[in-house]
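Welcome! Have a look at the structure below, and then let us walk through a few of its places together.

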Amino acid sequence: MEAEDGAFVVPSGVGESTAGAAAAMTVLLGTVPDCAWENVASFAAPSDCYNIALASKRFFRPVSISSDAPERRGGQKPRRKSKRLKSAGGAPPLLLATRMLRVSLEHNLERVLEHSRSGITLESLKKLGELPEGSAVIAGSTMVQACLGVLWGEGGEKTYRDGKSDVDIFCSAKAAPAVRSWLVEKSDCMFVGLRDSGYECGATSDKMLYAVDTNIHHVEHWGSISENLVKEDNYSYGKEEESPPPVGDAKNTEYYKKVVGYGKQCQSSIDEKFEYSLHFTSLGIDLNEAYDVKPKSGGDLPYDFHGEGDIDLVVGRLKDKSGDKKIAPSDLLSDFDLEICKCSFDGKKFHIADPHNTFSGKTQMEPKRRAVVSSYANHFSPPEDRCIHGVEASAHTGAVIDKVRVDVRDTPFYGQLDLAALLPDRDRPEKDKSTSNSRPFRLTLSQDEYIYHDPIARVKFSSSIQFHNFVVKLIDRLEKYQSRGIEVLDAPAIAHDMNLRRYDLIGL
């Protein structure tokens, strides 16, 4: 079948008809054993395996049972061949196309996780699958990279932050303690806070973006124990450059013992920040103890507020906003603005959202978010003072939102705005101020003092700013994925000179 010049000789009759060509291709591809195709898949991107499978029905036949499986790269043991056979009432046979895609996805996910330096490996991720079904999944940019066979931020010297993407894990509130213990015990991870300042979480910060429209209760920030141990050593001894992770178990160190002690005290400070700064009660967000940041019974929770990392643990509400349905990780993924980001892995099964577009590097934007972004971008104009905040920022963004609500009436994103509109307007209180002759007089609180000390005012004035920041984040994500080569189909038009920036409730 091979000519002297190395080209493949086309079998006679292949060009006579499309059907004949397909049949000949099936015969040709059938000469390559399944184990060889698995080996090819381990070197290929999942998108390539998907396209290869579409070339012939040969790939939609059951995987053959063979002991001639190829040795994996790195001298690892060969993959065990599937022995699933078709039987009455049993599971359907494993197709070669499915097997090839699985091999490729696993290899590329392993590569992405190694690149992330998150402390999570493919082997530890598979142990996530040992938790009850519906406990947690990994999704977002990590899975997008795995599906496309790419590494974002690849090339050049790797530093702690080199442009690589976060690792996003989504879990139910019920499963959260077990997932935290999995991060600590099966991976090399530790809790590093809520991406908040030393004293509070701002009511208009990223921690509240999910309050606009999702079933997410809160987002926890995690990092690698080994990476943070290196950072601690560098700060302690004045080293300017990062050292390789220490050889051995990072958990057998004084640093680990110290941060485990911190973990036993972290919940009290989290409670104070959630209630005082974010005022969850006024926003209608449940403060049930089920949301406490804690491990499973008897487990450790290493915690370093000054730690760093790129893992987001996204914890869902106990029930949806209607209060009728329990929230599973799949419900959290439905809140993604880009369809491609819904691709996930639960430790056992991969789920590829819209595979034809995903493996082509294309995606759709969720229609209602697209409509809001398009309308907001059309009506927004920058204020004369770029540094406005508080009441002025609330008024400026509120005027834009009023126009958006005329254009886009049917969306789930206005609930927080409607709640804030029901809150009463209150005059700023006064405070005593002593003079040089010790005679007190009354001074009206400044705008920042008023908002800072009045939780009702924080909720009322933050709602429109938060909606604005929600739109800005959607635009940032849209442009980020476009810059990474993802084609967003029918993307909203965003002017390059639009100069959209986030606003704060309180001036810094």
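## A threonine and its surroundings

A polar atom in the side chain of Thr-358 lies 2.5 Å from the backbone oxygen of Ala-353. A polar contact is a pair of N or O atoms within 3.5 Å; within protein, one must be able to donate a hydrogen and the other to accept it, and residues adjacent in sequence count only if both atoms are side-chain atoms. Thr-358 belongs to helix H13, residues 355-358. Helices (H or I, at least four residues) and strands (E, at least two) are DSSP runs, numbered from the N terminus.

Is Thr-358 buried or exposed? Thr-358 counts as buried because its relative accessibility is 1%; buried means under 20% relative accessible area, exposed over 50%, and partly exposed in between, with a 1.4 Å probe and protein chains only. Leaving aside residues up to four places away in sequence, Thr-358 touches Cys-147, Leu-148, Ile-340, Cys-343, Ile-352 and Ala-353. Contact here means heavy atoms within 4.5 Å.

## How to read this model

This is a predicted model, in which local features need pLDDT of at least 70 and side-chain atom pairs count only at pLDDT 80 or more, while totals for chains, interfaces and linings use all residues. Residues are numbered from 1 along each chain as its sequence is written, and side-chain values use heavy atoms, with hydrogens and water left out.

## The sheet

Seven strands make up an open sheet with mixed pairing, in the order E3-E4-E5-E2-E1-E6-E7. Its edge strands, E3 (189-193) and E7 (350-351), each pair on one side only. Two strands pair if DSSP finds at least two bridges between them.

Now to E1. Strand E1 (residues 136-139) runs antiparallel to strand E2 (residues 167-171), and four bridges join them. Ala-136 stands opposite Cys-171 in E2, and Ala-139 stands opposite Asp-168 in E2. E1 and E6 also run antiparallel, joined by two bridges; in E6, Phe-345 is the bridge partner of Ile-138. Both faces of E1 are covered, with Ala-136 and Ile-138 buried on one side and Val-137 and Ala-139 buried on the other.

## A leucine in helix H18

Leu-474 sits in helix H18 (residues 455-483). Leu-474 is buried, with a relative accessible area of 5%. Not counting residues up to four places away in sequence, Leu-474 touches Asp-337, Arg-369 and Val-373. How far apart in sequence and in space are Leu-474 and Val-373? Leu-474 and Val-373 are 101 residues apart in sequence and 7.4 Å apart in space, C-alpha to C-alpha.
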